[in-house]
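Hello,

Here is the structure I promised to pass on.

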Amino acid sequence: MITMPLPPLRSYSHHPRIFSTSISLLNTLRRSMTTAPVTELMSPSNTRVGWIGTGVMGRYMCGHLLKAGYTVTIFNRTIAKAQPLLDMGAHLADSPHAVASQSDVVFSIVGYPSDVRHVILHPASGVLSGLRPGGIIVDMTTSEPSLACEISAAASSKNCSAIDAPVSGGDRGAKNGTLAIFAGGDESVVNKVNPLFSRLGKVNYMGGSGKGQFAKLANQITIASTMLGLVEGMIYAHKAGLNVELFLNAISTGAAGSKSLDLYGSRILKRDFEPGFYVNHFVKDLGICLKECQSMGLALPGLALAQQLYLSLKAHREGNLGTQALILSLERLNNVSLQSVASSEPSA
């Protein structure tokens with residue numbers, strides 16, 4: 001503890017009122033210096049972690065915390081998807097409630113708002129029913145801002161805290177620990193959890209409860225239009241007789257360069273539609289965006305168009321493909337295919 005030199009009091013002794021006031025202030029100062037709580041940083045030695053959802057993103061994110069030495073208890077509806085984490089030393093629980101009862105901080109990253117509501121707020125099996133006072137809930141699912149506020153209020157009523165912290169960066173960002181994290185809630189709680197966030201990527205504090213979700217939805221609107229521009233450019237280049245691979249390399253360092261191009265350009269050429277982020281989940285996200293736009297009185301035609309094109313993928317039973325599969329929708333609209341591009345065009 002840092003000590004501060006105190007001024008001599010004898011110089012005030014001939015002024016009784018000043019002397020008395022000074023003594024009172026100094027005693028208060030001494031008490032505050034010796035009793036002020038110190039927030040201990042979260043570390044493997046003092047923090048037990050719970051993790052719910054070990055899918056495309058969650059398995060990598062949880063793995064980073066295990067590698068950092070944290071004791072982690074996990075729950076996933078499909079146990080086989082949790083097996084790699086169990087092999088790394090994670091403990092398996094049979095419900096979100098059981099996870100929370102053994103954890104100080106519980107992370108969740110699941111599919112839909114209905115899943116979030118069930119795993120966190122269910123009165124018997126949910127996280128909040130098992131979390132001790134002082135516990136923290138961190139929901140990293142892209143979900144509804146209003147639900148984030150509801151969870152925060154419910155947590156507060158039980159002397160717990162809740163942070164909405166959806167992420168962006170796809171499976172590669174999750175695997176490399178380079179995700180962008182959008183955090184909403186009490187800033188002091190976000191700062192407290194930061195040692196864990198730092199293992200997953202870079203946390204960005206966006207404001208109070210729900211603001212993390214609003215930021216992620218704005219992120220999804222941006223991605224939707226960017227992806228649409230990418231696949232339209234590829235279709236145009238192909239129809240114009242350009243080598244599409246050379247075209248992508250050429251634009252990557254110019255104004256048309258983007259994270260979507262870096263992550264998905266080559267995957268599209270190789271017809272690699274493995275999900276870094278599912279079409280089904282993206283349609284869900286864009287639907288939430290449109291719902292929020294309606295309540296705000298916003299008209300975003302680019303968002304609406306992208307949502308319709310992604311919805312067409314679901315209609316063709318392609319919802320379990322990655323978002324880069326948007327190229328399929330544009331190919332069908334134009335009766336063209338980049339199917340043979342990767343095999344027939346020479347490498348750059």
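**What I found**

At 21% relative accessibility, Val203 counts as partly exposed, because the buried class ends under 20%. Please keep in mind that this is a predicted model.

Val203 is found in strand β9, which covers residues 201–207. Setting aside residues up to four places away in sequence, Val203 touches Ile181, Ala183, Val190, Asn194 and Phe197. Leu179 is 24 residues from Val203 along the chain, yet their C-alpha atoms are separated by 8.3 Å.

Beyond its neighbours within four places in sequence, Ser152 is in contact with Ala162 and Ser209.

Helix α10 runs over residues 211–239, 29 residues in total. From first C-alpha to last, α10 reaches 42 Å, close to the 42 Å expected at 1.5 Å a residue. Gly241 follows α10 and has a positive phi, near 85°.

Helix α13 has 18 residues (279–296), which should span 26 Å at 1.5 Å a residue; its end C-alpha atoms are 25 Å apart, so the two agree. Among the buried residues of α13 are Val279, Phe282, Leu286, Ile288 and Cys293. Just after α13 comes Gly297, with a positive phi of about 75°.

Enjoy exploring it!

Best wishes

Key
Residues numbered from 1 in each chain as written. Predicted model: local features only at pLDDT ≥ 70, side-chain atom pairs only at ≥ 80, totals over all residues. Heavy atoms only, no water. Helix = DSSP H or I, 4+ residues; strand = E, 2+ residues; numbered from the N terminus. Expected span 1.5 Å × (residues − 1). Contact = heavy atoms within 4.5 Å. Buried < 20%, exposed > 50% of the residue type's maximum accessible area, 1.4 Å probe, protein only.
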